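Work through the exercises below with the sequence and the model side by side. Try each task before you read its solution.

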Amino acid sequence: MKMRTVVSVAPHTIEIREVERPKPGKNQVLVEVKSCNICTWEQRVFAGEYPYMYPFNGGHEAAGVICELGEDVIPEAWPVGTKVAVRTLDSCGACYYCRHNAPNLCTHKLKKSPSNTPYEGIKNLGGFSEFICVDIAAVYPLPQDMDFHKAIFAEPLACVLNSVNQTNIEMGSDVVVIGGGIMGMLHLMCAKLKGARVILSEMDDTRRALALELGADAVINPREVDAVQAVKDLTEGRGADTVFNTTAIPAVAKQAVDMTGYMGTVVMYSSQHPAKDIEISPSWLHSSQAKITGTVSPSIVSFEQSVNMLKKNLIDTTKLFYGSFPIEKATEAFETAMRPDTYRCAIDFDASK
């Protein structure tokens, strides 16, 4: 039995290919994908930044419906027809990091396909396909009335929660978010739920305005003012208690450290392009007792937290969703997702059901 899948084959070139539909193995379910967001990393592959990835079928912000059960899957626990979010970046459970409660750092996470085998030589994550096989440990049931365009935010929100979980945000503390993209906005909303005063640094006027709508207490335009000094002015000269750098710009990474106060924490959320080194004073680090850390991918805990937050309507992602495109318009979907005036765009396989 065949299915359609979206494949990046060259810069700005998408093919819709027919491949064999996967069959769920032991302790797996087959999920009929209804919708899948286009992540920034998949946009970079599409743009040609990682030519060694071609041909590539991405998609890791996916949601759908269980349609078939593999061996040893209990039907009462995983009924066919259940709406689910899926964690496609799997973990082996046996490497050093998995056994130290950090499965998001799994040594093998990008080597293990979510389906039984890669699709006919196509490197894949699987979400940009009509069907995907997923271990039951990576399936998260959703309310039957949840909109799929809300459900597909489970993975990006889980990434942000893993970032927030690296910190100790207290009620009334000062949090700076650098960057007003989708991940910056999710950081903003999560920090507000923690009871923090949130300051967002962003050059784009429209994004700063949206940040205020989403609850930011102050916004900074780093084109017009010294962002580090602006943060210190807002914090009685101390600097921020927590800084999240959600940009991919090395110079901004240095700025994030400089606006962090004593006993503060700075989180390098985004990968850097290019990955240039920054200078940090070891004397300042010694004297400040500040912490500099990073975060990558969602943890199992943060994915569970994310799904629970979406179930309980604690996060409203409506203003972060630009729109969806049918699989036949996948190229247009990618091109639209790469525009600076959009947030998440999705490819739909039939999100109406």
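**Exercise 1. How much space lies in the second largest pocket?**

Solution. First, the ground rules. This is a predicted model, in which local features need pLDDT of at least 70 and side-chain atom pairs count only at pLDDT 80 or more, while totals for chains, interfaces and linings use all residues. Residues are numbered from 1 along each chain as its sequence is written, and side-chain values use heavy atoms, with hydrogens and water left out.

Step 1: the volume. The second largest pocket holds about 260 Å³. A pocket here is an open set of points on a 1 Å grid over the protein atoms alone, with protein on both sides within 12 Å along at least five of seven lines; a cavity is a set of points where a 1.4 Å probe fits but cannot get out; lining residues have an atom within 4 Å of a point. Grid points are joined across faces, edges and corners, and a volume is the space filled by probe spheres set on the points.

Step 2: the lining. It has 14 residues, and nearest the centre lie Asn168, Glu170, Asp241, Met263 and Gly264.

Step 3: the elements. Strands S13 (240-245) and S14 (260-268) each give two or more residues. S14 provides the largest share, 4 residues. Strands (E, at least two residues) and helices (H or I, at least four) are DSSP runs, numbered from the N terminus.

Step 4: the classes. The lining has 3 nonpolar, 8 polar and 3 charged residues. Ala, Val, Leu, Ile, Met, Phe, Trp, Tyr, Cys and Pro count as nonpolar, Asp, Glu, Lys and Arg as charged, and the others, Gly among them, as polar.

**Exercise 2. Find the cavities and describe the largest.**

Solution. Step 1: count. There are 3 cavities of 30 Å³ or more.

Step 1: lining. Of its 11 lining residues, Arg87, Leu89, Pro103, Asn104 and Pro298 are the closest to the centre. The lining divides into 4 nonpolar, 4 polar and 3 charged residues.

**Exercise 3. What is the strand order of the open sheet of 6 strands?**

Solution. Step 1: order. The strands run S12-S11-S10-S13-S14-S15, with parallel pairing. Two strands pair if DSSP finds at least two bridges between them.

Step 1: edges. S12 (218-220) and S15 (291-294) each have a single partner strand, so one side of each lacks a neighbour in the sheet.

Step 2: one pair. S11 (197-201) joins S12 in the parallel sense over 3 bridges. Ile199 stands opposite Ala218 in S12.

**Exercise 4. Trace the antiparallel partners of S5.**

Solution. Step 1: S3 (28-37) pairs with S5 (61-69) in the antiparallel sense over 8 bridges. Glu32 has Val65 in S5 as its bridge partner.

Step 1: S5 also pairs with S6 (83-86), again antiparallel, over 3 bridges. Here Ala63 stands opposite Ala85 in S6.

**Exercise 5. Is Ala337 buried or exposed?**

Solution. Step 1: location. Ala337 lies in helix H10 (330-337).

Step 1: accessibility. Its relative accessibility is 6%, and it counts as buried. Buried means under 20% relative accessible area, exposed over 50%, partly exposed in between (1.4 Å probe, protein chains only).

Step 2: context. Buried residues make up 56% of the 353 residues in the protein.
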